[in-house]
Amino acid sequence: MTNEEKPKPKQKLGFTIIKNDPTDGHKGFGVGSLTLENVSPVIIDIEEKKATVEVGAMHARSDVERGIKFTTNREDSAGGKPYWLVWVTIDHKEGGAYFAGVTACEMVVNREKRRGYKILADHVNKMDKSMKRHIIVEHMDEESKQVLGEFLRDFNEKMWSLSSEQLREELAF
C-alpha cells in the first residue's frame with residue numbers, strides 16, 4: 001500500500017480548553033466547549049496554614065501532587081499531610097471582578113510512601129460547581145476557612161468586597 005492508499009485515521013474530538021467565548025461569532029466547531037479561563041486552583045497546606053495558587057493542579061500536576069500515586073483508599077496515605085484543593089472562579093459584574101465560585105476538595109499526601117488520597121470525581125464535580133458559581137466550603141475546618149478568606153481578601157480586597165455575602169460570611173475571620 002502506498003501512502004495515498006492508506007486510510008486516514010479518524011480525527012478524534014477530545015476535551016477542548018479554549019481561551020475565549022467559543023460561541024463568539026460562529027456556531028460551528030467549539031460550540032459548547034468549556035472555558036477554564038477564569039478558574040484557578042488554590043492549595044491550602046492545612047498544617048502550615050498557607051494558601052498558594054497552583055496552576056498545575058488544573059491537570060493534577062501541582063508541586064504537591066507530583067510523583068504521588070493517588071487512590072480512593074485513605075489507608076494508603078495514612079500519616080500523610082492534609083491539604084485542601086480549592087477551585088476559585090472569578091467573574092465580572094458592574095462593579096468589577098469578584099470571587100463568584102469557591103469549592104473545596106480534600107486531599108492527603110504521604111511523601112514517604114509516595115501515596116495520596118483524593119477522590120477524582122469529587123475534584124471534577126467541585127470544579128464544575130465552582131464554575132457554576134457555587135460556594136461549597138462548609139465542610140472545611142475553621143482554620144483553613146480563615147486561611148482561605150485571608151488569602152482571597154489579601155489577593156484583591158475589591159474583589160473580596162464585591163463577592164457574595166455568603167462567601168464572606170462562610171470564610172469570616
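# Close-up views of a predicted model

Figure 1. Because Phe99 belongs to strand E5 and Phe155 to helix H2, the pair ties together parts that lie 56 residues apart in sequence.

**Figure 2. A salt bridge between Glu106 and Arg74.** The structure holds 11 salt bridges, and in one of them the side chains of Glu106 and Arg74 meet with N and O 2.8 Å apart. This pair links distant parts of the chain, for Glu106 is in strand E5 (residues 96-110), while Arg74, 32 residues away, is in the loop between strand E3 (69-71) and strand E4 (81-93). Glu106 is partly exposed, with a relative accessible area of 31%, and Arg74 is likewise partly exposed, at 43%.

Figure 3. Lys145 forms a salt bridge with Glu142, and their closest N and O atoms are 3.5 Å apart. Both residues belong to helix H2 (residues 142-155), where a spacing of 3 residues separates them by about one helical turn. Lys145 counts as buried, with 8% relative accessibility, whereas Glu142 counts as exposed, with 58%. In the other salt bridge of this view, Arg153 and Asp154 bring their closest N and O atoms to 2.9 Å; here Arg153 is partly exposed at 25% relative accessibility, and Asp154 is exposed at 56%.

Figure 4. Lys126 lies in helix H1 (residues 120-131) and, with a relative accessibility of 13%, counts as buried. When its neighbours within four places in sequence are left aside, Lys126 is in contact with Trp87, Thr103, Ala104, Cys105, Ile136 and His139.

**Figure 5. Two lysines placed over aromatic rings.** Lys93 lies over the face of Tyr98, at a distance of 4.6 Å from the ring centre. In the second example, the charged end of Lys118 sits over the ring of Phe70, 4.4 Å from the centre of that ring.

**Figure 6. Strand E1 and its antiparallel partners.** Strand E1 (residues 39-45) is mostly covered, with 6 of its 7 residues buried. E1 pairs with E4 in the antiparallel sense over 7 bridges, and within this pairing Ile44 stands opposite Trp84 in E4. E1 also pairs in the antiparallel sense with strand E2 (residues 50-53), over 4 bridges, and here Val42 faces Val53 in E2. The hairpin of E1 and E2 has 4 residues between the strands, and in this hairpin Lys49 takes a positive phi near 55°.

**Figure 7. A network of salt bridges.** Three residues, Asp45, Glu48 and Lys81, are linked in a network of salt bridges.

Note on methods:
Residues are numbered from 1 along each chain as its sequence is written. This is a predicted model: local features need pLDDT of at least 70, side-chain atom pairs count only at pLDDT 80 or more; totals for chains, interfaces and linings use all residues. Side-chain values use heavy atoms; hydrogens and water are left out. A salt bridge is a side-chain nitrogen of Lys or Arg within 4 Å of a carboxyl oxygen of Asp or Glu. Helices (H or I, at least four residues) and strands (E, at least two) are DSSP runs, numbered from the N terminus. Buried means under 20% relative accessible area, exposed over 50%, partly exposed in between (1.4 Å probe, protein chains only). Contact means heavy atoms within 4.5 Å. A charge sits over a ring if NZ of Lys or CZ of Arg is within 6 Å of the ring centre and within 35 degrees of the ring normal. Two strands pair if DSSP finds at least two bridges between them.
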